[in-house]
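The sequence and the structure come next.

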Amino acid sequence: MENQFNSKGIHLTKYLFFTGKGGVGKTSTACATAVNLADEGKKIMLVSTDPASNLQDVFETELNNKGIPIKEVPNLVVANFNPEDAAKEYKESVIAPYRGKLPDSVLQNMEEQLSGSCTVEIAAFNEFSNFITDEKVQKEFDHIIFDTAPTGHTLRMLQLPSAWTNFISDSTHGASCLGQLAGLEDKKEIYKKAVETLADGEQTTLILVSRPENSPLKEAARASKELYEIGVKNQLLVINGVLKTHDDQLSENLYKKQQDAIKNKPNHLQQIKTYEIPLRPYNVTGLNNIRAFLTKDNIMYSDDILAVDEMKQLKDIVNDLYNNDKKVIFTMGKGGVGKTTIAAAIALGLAQKGKKVHLTTTDPAAHLEFVLEKSDDITLSRIDEKEELKKYSEEVLSKAKETMSKEDLEYIQEDLRSPCTQEIAVFRAFAEIVDKSKNEVVVIDTAPTGHTLLLLDSTQSYHKEIERSQGDTPEAIKKLLPTLRNEKDTEVIILTLAETTPIYEAKRLEEDLARAGIYSKWWVMNSSLYATNTTNPILKAKASNEVNWINKVNDLSKGNFAVLEWKPEEIKGEALLNLLS
């Protein structure tokens, strides 16, 4: 048995990064650590760098990207980056010095170049770097705690300081021609200091958070290795949600499954100091539960009554998709809600009905091949960022060589080395896969919510960016947004768990999709304990707390939702058929 994680008895450095696969409890663990340290009298800054952050739900307080004091916790300040606001500030900081000095047409061109989604990421990173390197923040607070985005996004963000530092150093033509990177030249020292701080084990600890399950533990091992390679070597592992007692069939199954996963965790993680947090029967919202999270169970049963006429099954959704002849189907939702499994089950269900299906993912941390084998009726693919960048760069250069001078080619090569080019390459691959819906049903297991929304929101600006860099726009990109907005062809299935944070996030997702003009009908509540007959006190309390959320989703979806019970086994291959029975 591992030691229990708490804020006492563990040496904690100035900067603490909580990271891991989506849905493993990073935010809960980071918040509980922050509040407990603040209660001990330490001055604490808690910062979220996740575009889909839910810190405002946890603290039940409206937050901003500069920091809001939490009045019930006198020593705690919480900041939540709003990437859109940060992007506006960054854009203005680049353009403002030229107002009144350059013609309007030049300023308009600058604004257009600064409208890509990469600008949003750059802006968020600027805020992040400022917190790491700001001497005032460093002096004012004993600990600066980062609740980070899901792993793929975080890895990329943490790698950006090196990429940008090298890029700016190697630039021979100055940064003015580089669009979205135009404001970075004077940030070299900040990025250098940020990289040094991340790599300094006396100042920074990376806390990898995982569930006691195989997939999140594999993801934690991958993140650990990659971060170690870029110099972030001071690491801890926290396994969150470990069931401590088992007294019925379900709890015995869950206990065995968890212990097997912990015992067989990847070798790389065996070398890292590991702590556990017991499975709690409550949602981590409100200060009472945040304070209790690292120390107490607080078993309380809800007396909510189910007010639902009918809870549908996944097969009902598959039948509806088939009968309405949908061409493009997304599974979207917070990380850890089971998007990959449900996307694979839908693909299998449609293939059984005779459809040709292409199942793909845009998630950098995807694992489709572990869930479903390809067949005559199902094609599998994954958008590999590095491969797409290589392919895209080769095509652009090949085309440019036909007409450009050697000197002009140097500009193109320089532009292709920028981090933004990778985003363009990935976006192009995404559009090409959606374009396959002419000949087959395309089922897309998307990246975690924030990343996906940035991708979708940036459709228009990528269109312009590709025109700028390539001189023309591929057909697939021209058709992408009209396809996504076509209710007849495209369906977004919103996935959630019957818990506070995933439901709030799913609701925001639905609202954002509606604003973007993208249709959504079905919700799926996955891994429900309410749908089981458990008598274990912890699991039964969690099940009773689901009723309120099932009622809420019934209202939100106008009755168009399915509830899937928690399954002890790994659901892959033929077992996916059990979800459709």
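## Terms and basis

A residue is called buried under 20% relative accessible area, exposed over 50%, and partly exposed in between, using a 1.4 Å probe and protein chains only. The model is predicted: local features need pLDDT of at least 70 and side-chain atom pairs count only at pLDDT 80 or more, while totals for chains, interfaces and linings use all residues. Residues are numbered from 1 along each chain as its sequence is written, and side-chain values use heavy atoms, with hydrogens and water left out.

## Salt bridges within helices

A salt bridge here is a side-chain nitrogen of Lys or Arg within 4 Å of a carboxyl oxygen of Asp or Glu. The count by this rule is 17. Helices (H or I, at least four residues) and strands (E, at least two) are DSSP runs, numbered from the N terminus.

Helix H9 (residues 214-229) holds both Arg222 and Glu226, 4 residues apart, or about one turn. Their closest N and O atoms are 2.9 Å apart, in a salt bridge. Arg222 is partly exposed at 28% relative accessible area, and Glu226 is partly exposed at 24%.

In helix H6 (residues 135-140), Lys136 and Glu140 are also 4 residues apart, about one helical turn. Their side chains form a salt bridge at 3.6 Å, N to O. Lys136 is exposed at 62%, whereas Glu140 is partly exposed at 38%.

## A buried pair and a network

Lys326 and Glu491 form a salt bridge at 3.9 Å, N to O. Lys326 lies in the loop between helix H13 (314-323) and S10, and Glu491 in strand S14, so the pair ties together parts 165 residues apart in sequence. Both residues are buried. Elsewhere, salt bridges with shared partners join Glu219, Arg222 and Glu226 into one network.

## The sheet

An open sheet of 7 strands runs in the order S12-S11-S13-S10-S14-S15-S16, with parallel pairing; two strands pair if DSSP finds at least two bridges between them. Strands S12 (378-382) and S16 (561-565) are at the edges with a single partner strand each, so one side of each has no neighbour in the sheet. The twist averages 20° from one strand to the next.

Strand S15 (residues 520-528) pairs with S16 in the parallel sense over 4 bridges. The bridge partner of Ser528 in S16 is Glu565.

## Helices across the sheet

Axes are lines fitted to C-alpha atoms, for helices over the stretch in contact (heavy atoms within 4.5 Å). Angles run from 0 to 180 degrees between N-to-C directions. Helix H21 (residues 500-515) lies across S10 (328-332), S14 (490-496) and S15, at about 160° to S14. Helix H22 (residues 537-556) lies across S15 and S16, at about 165° to S15.
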